[in-house]
Amino acid sequence: MESLIQLGFFIALLSLGFFFGRRAERKHYQSIIAREDQYRNIVVTTERLPSPEFLGHQTELVAGNVVISVDYFKVVVAGLRNLVGGRIRTYESLLDRARREAILRMQENALALNAQYVINMKFETSRISGNAGQGIGSVEVLAYGTALVPPPLNA
């Protein structure tokens, strides 16, 4: 009897993880796509040095940070995938969302400074919490770069 209760609990958690995780991921992607269109005018590049036309601009450090947790369904699917190896697509979408969200937050900071260019953009990624050391619980992505702020017009 206890085994049936545990199996039922497992299936309930799996189902909740699938439906609510799927829904949250879909809504997050919709938000990301809308905001990417909004911030499309802020150029982000990995070039280390600014072009000569930007040498008179002020520079400011800008960053965007996000922590996204993984749902129970993805943990189970990734655990099953570990048995046979190969790509873990459930985690790929998690990292894709985290990277894109971190860039958007960095662009928001650049826009607040009135910058239209961010150069030398880089990522830092880390695991925030684990499943008792057995897997990914949450992933943190930090995007940072140098915003080029145009000088004031009367300067």
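**Reading burial, contacts and ring pairs**

Modeller: Welcome! Keep in mind that this is a predicted model.

Colleague: Can we try a residue in a loop? Where is Ile42 found?

Modeller: Look between helix H1 (2-38) and strand S1 (43-44): Ile42 is in that loop. Ile42 is buried too, with a relative accessible area of 3%. Leaving out residues up to four places away in sequence, Ile42 touches Gln107, Ala110, Leu111, Ala115, Gln116 and Val118.

Colleague: Val118 is on that list. What is Val118 itself in contact with, leaving aside neighbours within four places in sequence?

Modeller: Its partners include Ile42, Val62, Met106, Ala110 and Ala147. Val118 also belongs to the largest nonpolar core, a group of 23 residues. Within that core, Ala110 and Val118 touch the most other members.

Colleague: Which elements each supply at least two residues of this core?

Modeller: S2, H3, S3 and strand S4 (138-149) each do. The largest share, seven residues, comes from H3.

Colleague: Now the rings, please. How should I read a pair of them?

Modeller: A pair of aromatic rings is described by the distance of the centres and the angle of the planes. In this model the count comes to two aromatic pairs. The ring centres of Phe18 and Phe19 are 5.1 Å apart, and their planes stand at 80°, so this pair is edge-to-face.

Colleague: What about the pair of Phe54 and Tyr117?

Modeller: Phe54 and Tyr117 form a tilted pair, with 4.3 Å centre to centre and 50° between the planes. This pair links distant parts of the chain, 63 residues apart. Phe54 lies in the loop between S1 and strand S2 (58-69), and Tyr117 in strand S3 (residues 117-127). As for accessibility, Phe54 is buried, with 12%, while Tyr117 is partly exposed, with 29%.

How values were computed: Residues are numbered from 1 along each chain as its sequence is written. This is a predicted model: local features need pLDDT of at least 70, side-chain atom pairs count only at pLDDT 80 or more; totals for chains, interfaces and linings use all residues. Side-chain values use heavy atoms; hydrogens and water are left out. Helices (H or I, at least four residues) and strands (E, at least two) are DSSP runs, numbered from the N terminus. Buried means under 20% relative accessible area, exposed over 50%, partly exposed in between (1.4 Å probe, protein chains only). Contact means heavy atoms within 4.5 Å. Rings of Phe, Tyr and Trp (its six-membered ring) pair if their centres lie within 6.5 Å; planes under 30 degrees apart count as stacked, over 60 as edge-to-face and the rest as tilted. A nonpolar core is a set of buried Ala, Val, Leu, Ile, Met, Phe, Trp, Tyr and Cys residues joined through side-chain atoms within 4.5 Å.
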